[in-house]
Amino acid sequence: MLIGGLIQGVGCMKIGDIVTRKVCGEDMQFCILGFYTRQSTGERVAILAMLDPTTIVEASVQELAPVSLKDIFALTTSIYVH
């Protein structure tokens, strides 16, 4: 259940948290971008962005443009966003 941006029952994970997940047998780090509920199963699913330590850059804040979660979720199909 999503309460105040936290997911209960999953260690109170929230948007912006850094988490790990096994990928090809190795622990990889991800940043949580959002959550949705899979309609077919009711399962809570996290949208993750992989953190790649070999691709670290710096940029002036003035060069950055915001991206909405709606735009990110549009890249997936058949999801219900809370």
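**Salt bridges and strand pairing in a predicted model**

Colleague: How many salt bridges does a search of the whole structure find?
Modeller: The model is predicted, and the pairs that follow should be read with that in mind. One of the salt bridges joins the side chains of Lys-22 and Asp-27, and another joins those of Glu-43 and Arg-38. Over the whole structure, the number of salt bridges found is 3.

Colleague: In the salt bridge that Lys-14 forms with Asp-17, how far apart are the closest N and O atoms?
Modeller: A salt bridge needs a side-chain nitrogen of Lys or Arg within 4 Å of a carboxyl oxygen of Asp or Glu. Lys-14 and Asp-17 form such a bridge, and their closest N and O atoms are separated by 3.0 Å.

Colleague: Is Asp-17 buried or exposed?
Modeller: Asp-17 sits in the loop between strand 3 (13–14) and strand 4 (18–23), and beyond four places in sequence it touches Cys-12, Phe-30, Cys-31 and Ile-32. The cut-off for burial is under 20% relative accessible area. Asp-17 has a relative accessibility of 19%, so it counts as buried.

Colleague: What N to O distance is found where the side chains of Lys-22 and Asp-27 meet in a salt bridge?
Modeller: Of this pair, Lys-22 is exposed at a relative accessible area of 53%, whereas Asp-27 is partly exposed at 47%. Their side chains meet in a salt bridge with an N to O distance of 3.3 Å.

Colleague: With which residue does the side chain of Glu-43 meet in a salt bridge?
Modeller: Glu-43 is partly exposed, at 41% relative accessibility. Its salt-bridge partner is likewise partly exposed, with a relative accessible area of 32%. At an N to O distance of 2.7 Å, the side chain that meets Glu-43 is that of Arg-38.

Colleague: Which side chain is joined to that of Thr-37 by a polar contact of 2.6 Å?
Modeller: Thr-37 belongs to strand 5 (residues 26–37), and its relative accessible area of 17% makes it buried. A polar contact of 2.6 Å links its side chain to that of Arg-44.

Colleague: How many bridges join strand 4 to strand 5?
Modeller: These two strands run antiparallel and form a hairpin with 2 residues between the strands, where Cys-24 takes a positive phi near 55 degrees. Among the facing residues, Arg-21 has Met-28 of strand 5 as its bridge partner, and Val-19 stands opposite Phe-30 of strand 5. The number of bridges joining strand 4 to strand 5 is 6.

Colleague: Which residue in the turn of the hairpin of strand 5 and strand 6 has a positive phi of about 80 degrees?
Modeller: Strand 5 and strand 6 (residues 44–51) run antiparallel and are joined by 8 bridges, and in one of the pairings Phe-35 has Ala-46 of strand 6 as its partner. The hairpin has 6 residues between the strands, and the turn residue with a positive phi of about 80 degrees is Gly-42.

Colleague: How far apart in space are Leu-33 and Ile-47, C-alpha to C-alpha?
Modeller: Leu-33 is placed in strand 5 and is partly exposed, with a relative accessible area of 22%. In sequence Leu-33 and Ile-47 are 14 residues apart, while in space their C-alpha atoms are separated by 5.4 Å.

Colleague: How many disulfides does the structure hold?
Modeller: A disulfide is a covalent bond between the sulfur atoms of two cysteines. Among the cysteines here, Cys-12 is partly exposed at 44% relative accessibility, and Cys-24 is exposed at 81%. The count of disulfides in the structure is 0.

Colleague: What percentage of the residues of the chain count as buried?
Modeller: The chain has 1 helix and 7 strands, which run β-β-β-β-β-β-α-β from the N terminus on. Its accessible surface comes to about 6,400 Å², with 59% of that belonging to carbon and sulfur atoms. Of the 82 residues of the chain, the share that counts as buried is 16%.

Key:
Residues numbered from 1 in each chain as written. Predicted model: local features only at pLDDT ≥ 70, side-chain atom pairs only at ≥ 80, totals over all residues. Heavy atoms only, no water. Helix = DSSP H or I, 4+ residues; strand = E, 2+ residues; numbered from the N terminus. Buried < 20%, exposed > 50% of the residue type's maximum accessible area, 1.4 Å probe, protein only. Areas by Shrake-Rupley, 256 points an atom, 1.4 Å probe, with all protein chains shown as cover. Contact = heavy atoms within 4.5 Å. Disulfide = S-S within 2.5 Å. Polar contact = N/O pair within 3.5 Å; in protein donor to acceptor, adjacent residues only side chain to side chain. Pairing = 2+ DSSP bridges.
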